Amino acid sequence: MRAIQIDRFGAPDVLDLVDVPEPEPGPGDVLIRTVATSINPVDDKTRQGAIGEGTPPLPMTLGWDLAGIVVDGGSSGLSTGERVIAMSHQLSSGRGTWAALVALPARAVAAAPRSVSLAEAATLPLPGLTAWQTLEWLNVRAGERLLITGAAGAVGGLALQIARARGAEVDALVSRKSQLVFARDHGAGLVTTDRHALKERAYDAVFDTFGAFVTEAVADGGRYASIATQAGPVPDLSSRGVRTTVHQVREDGAGLNELAGLLDAGSLRLRVHSTFGVQRIRAAHARFSEGGLAGKIVVNF
Ligand SMILES: NC(=O)c1ccc[n+]([C@@H]2O[C@H](COP(=O)([O-])OP(=O)(O)OC[C@H]3O[C@@H](n4cnc5c(N)ncnc54)[C@H](OP(=O)(O)O)[C@@H]3O)[C@@H](O)[C@H]2O)c1
């Protein structure tokens, strides 16, 4: 079967479409035929060799996001032919999703949202679960004040919409003037490109997607979560009673079910920047690496 692998680290030309043996599903696994996947920053970093310790051995199949059709549901209760989405923690398991067939534990898989195509749904799993799980840790409730940094990015944009659906008041720090409209259109109150324009000690919770560490913004007794693993830990704010974490996304079919429900209820909108066929994976990565994207890159199998 076809899979996108690397056997060395480097620029997009290290990506190869190769023929590999089909996976053999273990007990509790679901075998899925891939329809579409998408590119995330972690795929870019893994390809470059920037992850360091914990990177699976070479050659490896890349990819975390998956939207496809069940070939064999095993004991999961999922039926053959059912549309599903999944997130594979590729770095810890080595099970990349950029392959024609993928075997994943049932707990990582959920029924796909009905209101969007599988190509669109492929943009949801990794950024959606990161947004969902981090908001769960932050325990953001209706009426609370939340600040999101990088609010126009893939994770930040979904976190903004989920938090608004929960009734939170959300302010947004974005990187470029062209992103102001997105954040306002999705319900942010104060939207700025200037970190010095943020209110001080005003937020019950801060969701930091790029390691801005705007620690003055969080209220005493508040919560501060970063997902920017490579920026290091959040400074210790315990003297102000602020709890901090660097959240690491985990496989979570139940979370995907919640996200699919929000999509089908119209509370969440997905953004596709462009779509590439699997044969053009190098071009897709090159476009991803250029940056400045307003939406995800989909790769069709
Ligand atoms: N810990 C985890 O489990 C986990 C899970 C998922 C993602 N991540 C990490 O989280 C980060 C965000 O992921 P993503 O998929 O949302 O990436 P993304 O789509 O590229 O979004 C990042 C956003 O942050 C903005 N940004 C970057 N630097 C900024 C700055 N100095 N000031 C203001 N805005 C800035 C970017 O703006 P531009 O477009 O202008 O650059 C972009 O809008 C990545 O580093 C990713 O590796 C971690």
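Me: How many salt bridges are counted between domain 1 and domain 2?
Reply: Let's start with the rule: a salt bridge is a side-chain nitrogen of Lys or Arg within 4 Å of a carboxyl oxygen of Asp or Glu. This is a predicted model, where local features need pLDDT of at least 70, side-chain atom pairs count only at pLDDT 80 or more, and totals for chains, interfaces and linings use all residues. Residues are numbered from 1 along each chain as its sequence is written, and side-chain values use heavy atoms, with hydrogens and water left out. Between domain 1 and domain 2, the count is zero.

Me: Which residues make up domain 1 and domain 2?
Reply: The bounds come from an automatic or database domain assignment. Domain 2 covers 127–246. Domain 1 is written as two stretches, 2–124 + 270–300.

Me: What area is buried between domain 1 and domain 2?
Reply: Buried area is the accessible area (1.4 Å probe) that two parts lose on being put together, summed over both. Carbon and sulfur atoms give 52% of this area. The total for domain 1 and domain 2 is about 780 Å².

Me: Which residues in domain 1 lose the most area to domain 2?
Reply: Three residues stand out here, and together they make 51% of what the domain 1 side buries. They are Met-87, Leu-124 and Arg-271.

Me: How many residue pairs are in polar contact across the interface of domain 1 and domain 2?
Reply: A polar contact is a pair of N or O atoms within 3.5 Å; within protein, one must be able to donate a hydrogen and the other to accept it, and residues adjacent in sequence count only if both atoms are side-chain atoms. Both residues must also be at pLDDT 80 or more. Across this interface, the number of such pairs is four.

Me: Which residue meets Asp-16 in a salt bridge?
Reply: A search of the whole structure finds 16 salt bridges. In this one, the N to O distance is 2.8 Å. Asp-16 lies in strand S2 (residues 16–19) and its partner, 266 residues away, in helix H8 (residues 281–290); helices (H or I, at least four residues) and strands (E, at least two) are DSSP runs, numbered from the N terminus. The partner is Arg-282.

Me: Where is the cis peptide bond that has omega near -5°?
Reply: Look in the loop between helix H1 (41–48) and strand S4 (60–61), where Pro-59 is found. The cis bond runs from Leu-58 to Pro-59.
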